[in-house]
Amino acid sequence: MESEKEIQNLLSEKQKAQISFSIGGLILFLGLAGVFFRQSKIRKQHNHILALKNEEIAKQNGERELLLKEIHHRVKNNLQIISSLLSMQTRGLQDEKVKGAMKESQSRVKTIALIHEKLYQYENLSKINMQEYMMQLSDLLTQTYRSDKQINVIVEAAEINLDMDMAIPIGLITNELLSNSLKYAFEDRDFGEIHIIISEEESGNYKLRVEDTGKGLDNDLDIEKSKSLGLKLVRTLTRQINGQLKISSNPGASFEIVFKEDALAA
């Protein structure tokens with residue numbers, strides 16, 4: 001009888017221990033569930049606040065982009081007004097040299113205006129697609145220097161995108177070199193080709209080459225001493241972008257400039 005009571009007591013104590021353990025486990029589970037629920041609630045609040053902040057940032061960025069687009073649009077319009085004024089001024093001139101200088105100034109203004117026009121059109125307000133830009137620039141200049149000669153301008157600048165600070169000097173350099181070829185390279189022939197090539201040699205390192213199949217350069221040409229305003233601009237702008245200029249005749253004129261996108265002179 002005593003052994004049975006002992007067994008019953010042991011079983012009773014075991015049941016009590018199991019019940020206590022179960023209750024303790026339940027309390028622990030409820031406690032952890034409460035902690036996780038609170039953390040989840042806090043996380044949701046933080047995510048909601050973060051989503052509101054991101055929405056506000058996106059709204060501000062959109063407003064800034066619209067403002068930048070409007071600025072580029074207005075700059076482009078102002079430059080076009082200047083170009084129109086130069087054109088009107090040119091019509092009243094009799095001196096052919098002065099008229100030529102005015103026409104060159106007009107094409108330079110249009111070259112810069114074209115950059116702002118492209119930035120106004122693009123979703124990306126920091127990069128210029130050089131293939132599109134150079135093709136439009138070549139169309140603009142071939143119309144400016146119309147002639148009966150069959151001159152084909154070929155642009156090779158696929159996948160090259162430069163920021164505005166680099167695209168403007170590169171555009172102006174190309175404007176000078178292309179204008180020079182259109183005006184002088186084919187004086188003794190009725191047809192020819194001009195190649196505008198921009199290539200990325202390695203990451204961040206680029207090469208601009210403008211070459212034609214014309215009569216070539218004078219043997220005694222020294223660009224450092226040249227009095228031509230166009231060549232002076234090419235030299236100055238090349239220094240501005242910390243580029244290296246190489247000139248040759250093969251047999252046509254060839255201008256090659258090696259530059260880095262982030263190497264603008266201070």
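I count Ala, Val, Leu, Ile, Met, Phe, Trp, Tyr, Cys and Pro as nonpolar, Asp, Glu, Lys and Arg as charged, and the others, Gly among them, as polar.

**Basis.** I worked on a predicted model, in which local features need pLDDT of at least 70 and side-chain atom pairs count only at pLDDT 80 or more, while totals for chains, interfaces and linings use all residues. I number residues from 1 along each chain as its sequence is written, and side-chain values use heavy atoms, without hydrogens and water.

**Fold.** I assigned helices (H or I, at least four residues) and strands (E, at least two) as DSSP runs, numbered from the N terminus. I found five helices and seven strands, in the order α-α-β-α-β-β-α-β-β-α-β-β.

**Largest pocket.** I searched a 1 Å grid over the protein atoms alone for pockets, open sets of points where a 1.4 Å probe fits, with protein on both sides within 12 Å along at least five of seven lines; lining residues have an atom within 4 Å of a point. The volume, the space filled by probe spheres set on the points, is about 700 Å³ for the largest pocket. Of its 32 lining residues, Asn180, Ser181, Lys183, Tyr184 and Ser228 are the closest to the centre. Helix 4 gives the most to this lining, with nine residues. I sorted the lining into 10 nonpolar, 10 polar and 12 charged residues.

**Second largest pocket.** The lining includes Thr142, Tyr145, Leu182 and Phe186, and strand 2 (150–156) and helix 4 each give two or more residues to it. I sorted this lining into four nonpolar, three polar and four charged residues.
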